[in-house]
Each structure stands twice: as structure tokens, then as C-alpha cells.
Amino acid sequence: MQNFNYNIATRIHFGKGAVTQYLKDEVLNYGKKVLFVYDDIPVKASGLYDEIVKALNDGGIEFTEFSGIEPNPKHTTINKGIALLREKGGEVVIAAGGGSTIDTGKAIGFGYYGDEDVWDFYCGKKTVTKTLPVICIPTLAAAGAEVSWSAVVSNLEAKRKIGLRNPLNRPAVAIADPTYTFSVPAFHTSCGVIDIMSHTLETYFSNTMAMQDSISEGIQLAAVHAGRKVQINPSDYDARAELMWAAQFSIMQVSSFGRTNCNTIIHTLEHMLSAHIDAVIHGAGIGILSLAYYKYALNDQTAPKFAHWGKRIWGVDPSLSDYEAAREAIARYEAFIEEMGLPTRLSQMKIARGSDKNITLEDVMPVVEDLAKTSDGSKWYAPVNTKEDYLAIFKLAM
């Protein structure tokens with residue numbers, strides 16, 4: 001087992017009524033002036049907006065609102081939030097919404113201490129050394145951004161989407177009430193389920209460790225079980241709660257500690273893809289590219305772990321040979337993605353929002369070129385070393 005250090009750092013208040021019970025006092029722990037960053041539709045449609053505003057008013061807390069964040073948040077949007085924070089003043093950032101909004105809140109928190117452009121932190125010109133306290137209220141079970149140390153931002157001009165990782169990026173507080181995920185559309189709920197699984201799967205396909213594998217398998221099974229239940233009943237509180245906790249537990253990295261060759265295989269591929277093709281929704285892209293990579297990665301050396309995965313998660317017949325069980329496992333994963341109502345091929349997705357043109361192999365060639373130039377896949381579960389290797393994955397994804 002490899003050495004590791006760990007400190008979650010984020011206080012978590014989880015359950016029904018948690019916003020009413022804890023938000024006011026948590027804000028007052030840090031100050032009385034807030035930048036309130038939120039995702040318009042889910043926050044207002046669910047009633048969360050009104051609850052947050054009431055809590056702030058009850059505490060005599062002054063707040064400035066900032067909304068209109070994109071699904072893949074742009075660095076230029078974050079710069080606007082930082083400018084507003086500096087203009088109006090603030091001691092605390094509240095971020096309410098999905099992962100994109102929460103990552104925006106985190107980036108505003110540390111970007112406040114930078115210069116004009118938050119992208120300076122992402123391209124290595126500046127280092128995160130401090131941040132304003134950020135209080136996160138998620139409305140989607142997916143990336144677990146409310147407890148993670150990464151803040152993902154896109155620069156569409158540079159064709160880059162980067163998750164900046166720093167322990168200081170962990171929010172001060174996460175207030176998670178699963179009832180605010182009831183109104184999430186089925187497609188986005190399913191995207192969240194696949195994203196939850198991906199955060200633990202990326203290190204699951206590494207060296208075998210009985211305890212870590214069991215933790216990972218528990219997260220995966222919870223996501224599959226609860227994901228199916230909320231498709232039938234979107235207001236199933238226990239299933240929604242299980243998904244939200246699985247999202248947080250998955251991104252906390254508990255199942256990855258001590259492993260060798262831990263990496264972010266699928267997220268590296270998807271971040272480059274959606275940096276070039278902004279219409280790709282993160283969870284949907286994750287599903288397609290994970291499926292393609294697993295097909296690419298299956299060989300005599302990797303088959304035993306894929307077979308083990310199939311037997312533990314997908315109920316594959318234990319009497320099958322490793323290679324047969326591995327192929328069946330990948331097939332059942334593909335069937336689950338389809339069951340969740342998500343695409344399994346890039347050719348099923350549109351090249352741009354509002355476009356009637358589907359993605360083609362020609363469209364992803366710039367993605368392949370950039371991956372070959374910038375990404376080191378030599379230590380991935382099945383190494384990816386050349387442009388031809390990346391191309392093989394994207395051909396499988398088509």
C-alpha cells in the first residue's frame with residue numbers, strides 16, 4: 001500500500017431541512033456579506049432559492065446575486081463573478097446548484113486573491129494560496145463538487161478544460177438536502193449516476209486491494225441500485241439520498257488511497273472532448289468514453305479485473321472464463337448506460353447546442369491531436385502512448 005495524507009476539511013450537513021437548520025449560522029461563522037452564486041432553474045424551481053434568501057435575511061446578512069453559469073463554466077464567466085465580488089464586497093461565497101455552479105463558486109473564492117484573469121491559476125502562472133470560505137448547496141448528485149478539492153473550468157478559446165486540484169479548494173461547508181434533487185430531469189440524473197461511478201472506477205482499474213475494491217464496489221452498487229429506483233420514482237427520498245452520499249463518498253477518494261498507478265483516465269479524455277465540443281454534457285461524455293476505453297483496454301492482462309468487476313457489480317456468471325466474463329461485464333455496463341437513457345456513441349450526440357448535425361470522427365480529430373500532444377497515458381490501466389492509440393479509443397466511441 002502506498003503512503004497517503006488525507007483531510008476532508010469540509011463540514012457536511014446532510015438531510016431534510018439542513019439548509020434552514022444550518023445555513024444562517026454557518027455563514028455568520030465567517031461574516032455578514034455574501035456573494036450568492038446559483039444555478040437559476042434548479043435552485044428557483046425547487047424552492048431552494050427562497051429558502052436561502054430567507055435564511056440570509058433572518059441573519060441580517062447582506063448578499064449579492066450572481067447566476068447564468070454555463071454547463072461547462074467558462075473562465076470569462078468566473079472573471080465576471082470575481083469582478084462583482086470585488087465591487088460589492090464579500091466575506092463568504094455561497095454556491096447553490098450543480099457541479100458547474102459549485103466549481104464556479106470555488107474558482108471565484110480563490111480567484112478573488114488573483115489578478116484580472118482566473119485562468120492564470122489554471123495555466124500555472126499563479127498558485128492557489130488562500131480562498132474565501134465557500135458554502136456549497138448541491139442540487140444534483142454527480143461530481144460531488146461540494147466536497148472535492150478540484151474546480152473545473154473551461155477556456156473555449158484555448159480549447160482546454162482543466163480541473164485545478166488544491167486542498168484549499170475544498171469548500172468550508174456542504175449543506176446537502178436530497179429533496180432538492182427531486183426535480184432534476186431524468187437525463188441529468190442519469191448523467192450524474194455515471195459520473196458518480198466514474199470517480200471510483202478510474203482507480204478501481206488499478207492494482208487489486210481487497211478493502212479499497214470493496215469500498216469502490218459499494219459506491220458502484222449504490223449508484224446502480226439507486227439510479228434505477230429514481231428512474232421509476234424521481235421523488236424517492238432514500239434513493240436520492242443514497243445517490244448524493246455516493247457522489248460525495250466517491251469524490252472523497254477513499255477508495256483510491258494506497259493504490260498504485262491511480263489516474264484520471266476517462267476524465268482526461270472527456271475534458272479534452274468537451275473543451276473542443278462544448279455541447280457534450282459531462283456525464284454523457286463520461287459514459288461514452290469510459291465504455292470505449294474499457295473495450296480498448298481489454299486484453300489478456302486486464303481481463304481478470306474486468307471479470308471480477310462483472311461478477312461483483314453486474315452479476316456475470318462466475319463459471320465463465322476471465323475473458324468471457326470481462327466481455328460480458330463491459331456489455332452489461334453498456335446496457336446499463338442505455339437503460340439510464342444515455343447515448344453510448346458520440347455519433348448519437350449533436351456537434352453544438354441547437355444543431356441538427358451529429359458528431360463525426362472528423363469532428364473529434366482535433367481532440368485526438370491535442371490529447372496526443374498534451375496527455376501522458378503511459379501509466380493508464382491499458383497504456384495510451386500514441387496518436388494512433390487515442391484514435392483507436394475515439395473510433396470505438398463513435
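A: What follows goes through the salt bridges pair by pair. The model is a predicted one, and it holds 19 salt bridges.

Asp-213 and Lys-305 make one of them, with an N to O distance of 3.5 Å between their side chains. This pair links distant parts of the chain, since Asp-213 belongs to helix H8 (residues 210–232) and Lys-305 to helix H12 (residues 303–313), 92 residues apart. Asp-213 has a relative accessible area of 3% and is therefore buried, the cut-off being under 20%. Lys-305 is buried as well, at 7% relative accessibility.

A salt bridge also joins the side chains of Arg-353 and Asp-278, at 3.0 Å from N to O. Arg-353 is in the loop between helix H13 (322–339) and helix H14 (361–374), while Asp-278 is in the loop between helix H10 (265–276) and helix H11 (282–297), so this contact ties together parts that are 75 residues apart in sequence. Here Arg-353 counts as partly exposed at 45% relative accessibility, and Asp-278 counts as partly exposed at 21%. As for shared partners, salt bridges connect Asp-213, Arg-259 and Lys-305 into one network.

A further pair is Asp-236 with Lys-229, whose side chains meet in a salt bridge of 3.8 Å, N to O. Its two ends fall into separate accessibility classes: Asp-236 is buried, with a relative accessible area of 16%, whereas Lys-229 counts as partly exposed at 34%.

Technical notes. Residues are numbered from 1 along each chain as its sequence is written. This is a predicted model: local features need pLDDT of at least 70, side-chain atom pairs count only at pLDDT 80 or more; totals for chains, interfaces and linings use all residues. Side-chain values use heavy atoms; hydrogens and water are left out. A salt bridge is a side-chain nitrogen of Lys or Arg within 4 Å of a carboxyl oxygen of Asp or Glu. Helices (H or I, at least four residues) and strands (E, at least two) are DSSP runs, numbered from the N terminus. Buried means under 20% relative accessible area, exposed over 50%, partly exposed in between (1.4 Å probe, protein chains only).
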